[in-house]
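Reader: I would like to learn how to read a few features of a structure. Please take them one at a time.

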Amino acid sequence: MAVIVTVEIPGGTREQYEQSTEQVTSAEWWPPKGFIAHAAGPDGTGGWRVVDFWDSEEDFLAFAKKAQPLFERIGMPTIMPKMQEATNIVLR
């Protein structure tokens with residue numbers, strides 16, 4: 001079952017986001033199994049929001065386990081994502 005993963009990062013900055021994206025996308029395991037799409041931007045309250053689409057919750061959790069040390073290295077806080085079933089995902 002495909003899932004939508006939303007991560008709210010209070011106080012997160014563009015710089016942190018760009019650093020984390022560079023770290024993740026240059027990892028030897030990128031792109032991870034089950035990854036479909038990713039979007040991110042300011043949340044309107046001074047933080048950052050990330051929305052991902054994955055083939056399954058298990059695929060996302062496997063990615064998160066690999067990515068966590070990279071996030072910690074740049075000082076990103078540990079954040080619990082919100083997951084929900086994706087009824088439909090449409091890409092261009």
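Reader: Is Trp30 buried, exposed or partly exposed, and what is the relative accessible area?

Author: Buried means under 20% relative accessible area, exposed over 50%, and partly exposed in between, with a 1.4 Å probe and protein chains only. Trp30 has a relative accessible area of 27%, so Trp30 is partly exposed. Phe35 is also partly exposed, at 26%. This is a predicted model, in which local features need pLDDT of at least 70 and side-chain atom pairs count only at pLDDT 80 or more, while totals for chains, interfaces and linings use all residues. Residues are numbered from 1 along each chain as its sequence is written, and side-chain values use heavy atoms, with hydrogens and water left out.

Reader: How many aromatic pairs does a search of the whole structure find?

Author: A pair of aromatic rings is described by the distance of the centres and the angle of the planes. Rings of Phe, Tyr and Trp (its six-membered ring) pair if their centres lie within 6.5 Å; planes under 30 degrees apart count as stacked, over 60 as edge-to-face and the rest as tilted. The search of the whole structure gives seven aromatic pairs. For Trp30 and Phe35 the ring centres are 5.0 Å apart and the planes stand at 55 degrees, so this pair is tilted.

Reader: Which residue forms a salt bridge with Lys33?

Author: Side chains of opposite charge can pair when their charged atoms come close. The cut-off for a salt bridge is a side-chain nitrogen of Lys or Arg within 4 Å of a carboxyl oxygen of Asp or Glu. Lys33 meets Asp59, at 2.9 Å from N to O. Lys33 lies in the loop between α1 and β2 and Asp59 in helix α2 (residues 57–73), so the pair links distant parts of the chain, 26 residues apart; helices (H or I, at least four residues) and strands (E, at least two) are DSSP runs, numbered from the N terminus. Lys33 is exposed at 66%, whereas Asp59 is buried at 11%.

Reader: What does the salt bridge of Glu8 and Arg49 tie together?

Author: The N to O distance between Glu8 and Arg49 is 2.7 Å. Glu8 is in strand β1 (residues 3–9) and Arg49 in strand β3, so the pair ties together parts 41 residues apart in sequence.

Reader: In what order do the strands form the sheet?

Author: Two strands pair if DSSP finds at least two bridges between them. Here four strands make an open, antiparallel sheet in the order β2-β3-β1-β4. The edge strands, β2 (35–42) and β4 (82–85), each pair on one side only.
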